[in-house]
Amino acid sequence: MAVDGSLIFNTKMDTSGFDKGVKELSSKVLELKNKVKSTETQISSLQEELENLSNTEVKTKISEQIEKDAARAKEKLNSFYAEADKIGDAKKNELVSMGFGTEHLDNILAQDKNWQKVQSDIENAEKALNQYESELKRVRAAESKIDPKSTADYKAKEERLSELTRQLEIYKTKLRETEKKESTATNKKKSGKFI
């Protein structure tokens, strides 16, 4: 009460709680927008993976193992070829150092035990490699008949895509609701109608 007997009323309304609520809504809108964007990015990436998978030939663990076995057989074969070259070069150098020509090299090599062994190893390695390559052709022919969309990997990615799509719709719905609440609260504050 003032000295003159008049009453002074403070009519300023405390809106701090209301302002805090509007800020929380704005923060929630931003969070939901980020979740929508992140989920859309994941969906896009997954759709691309599914597209690539659907256009890729199916490769089973069987063919992968045969490829590994064939690669090892090829390495072994190359090492046998290198060993044969080494033996052949050594025999050739022996003949030349003794003053002979190389016209008898084939006969000398045919009688050499190391040469005979390496030739046998080469023959066995070539047979093994041919068997692997033949088996790989057969397996790949069978794999080519498999629909890539029927694989477990494809189905798992498809399931994940469905989950993400459902989650995206939930985020979008929550975002619309939160943006509406934020807009309503902002309009109430501007108009001064808090009740």
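How exposed is Arg140, in terms of relative accessible area? In this predicted model, Arg140 is partly exposed, with a relative accessible area of 36%.

## Arg140 and its partner

The side chain of Arg140 meets that of Glu67 in a salt bridge, with an N to O distance of 1.9 Å. This pair links distant parts of the chain, since Glu67 belongs to helix 2 and Arg140 to helix 4, and the two are 73 residues apart. In general terms, side chains of opposite charge can pair when their charged atoms come close. The count of salt bridges in the model comes to 14, and several others are taken up below.

## The largest nonpolar core

The largest nonpolar core has 14 residues, and those with the most contacts inside it are Trp115 and Val118. Helix 2 (61-97), helix 3 (105-111) and helix 4 (113-143) are the elements that give two or more residues to this core, and the largest share, seven residues, comes from helix 2. Beyond the residues up to four places away in sequence, Val118 touches Phe80, Glu83, Ala84 and Ile87.

Apart from this core lies another, of twelve residues, which includes Ile43, Leu46, Leu161 and Leu168.

## Helix 4

The end C-alpha atoms of helix 4 are 45 Å apart, which agrees with the 45 Å that its 31 residues should span at 1.5 Å a residue. The buried residues of helix 4 are Trp115, Val118, Asp121, Ile122, Ala125, Leu129, Leu136, Val139 and Glu143, and they pack against helix 2 and helix 3.

One of these buried residues, Ile122, can be related to a position in helix 2, namely Lys76. The C-alpha atoms of Lys76 and Ile122 are separated by 8.6 Å, although the two residues are 46 residues apart along the chain. Lys76 itself is exposed, with a relative accessible area of 51%, a value that places it over the 50% cut-off for that class.

Asp112 caps the N-terminal end of helix 4, where one of its side-chain oxygens lies 3.0 Å from the backbone nitrogen of Asn114. The side chain of Asp112 also meets that of Lys91 in a salt bridge, at 3.2 Å from N to O. Here too the pair links distant parts of the chain, with Asp112 in the loop between helix 3 and helix 4 and Lys91 in helix 2, 21 residues apart. Asp112 is buried, at a relative accessible area of 13%, and Lys91 is likewise buried, at 19%.

Lys91 forms a salt bridge with Glu94 as well, the closest N and O atoms being 4.0 Å apart. Both of these residues lie in helix 2, three residues apart, or about one turn of the helix. An α-helix has 3.6 residues a turn, so residues three or four places apart point the same way. Glu94 counts as partly exposed, at 41% relative accessibility, whereas Lys91 is buried.

## The end of helix 1

Ser54 belongs to helix 1, which covers residues 16-54. A polar atom of the Ser54 side chain lies 2.8 Å from the backbone oxygen of Glu51. Leaving aside neighbours within four places in sequence, Ser54 is in contact with Pro148, Lys149 and Tyr154.

Technical notes: Residues numbered from 1 in each chain as written. Predicted model: local features only at pLDDT ≥ 70, side-chain atom pairs only at ≥ 80, totals over all residues. Heavy atoms only, no water. Core = buried A, V, L, I, M, F, W, Y, C linked by side-chain atoms within 4.5 Å. Buried < 20%, exposed > 50% of the residue type's maximum accessible area, 1.4 Å probe, protein only. Helix = DSSP H or I, 4+ residues; strand = E, 2+ residues; numbered from the N terminus. Contact = heavy atoms within 4.5 Å. Polar contact = N/O pair within 3.5 Å; in protein donor to acceptor, adjacent residues only side chain to side chain. Expected span 1.5 Å × (residues − 1).
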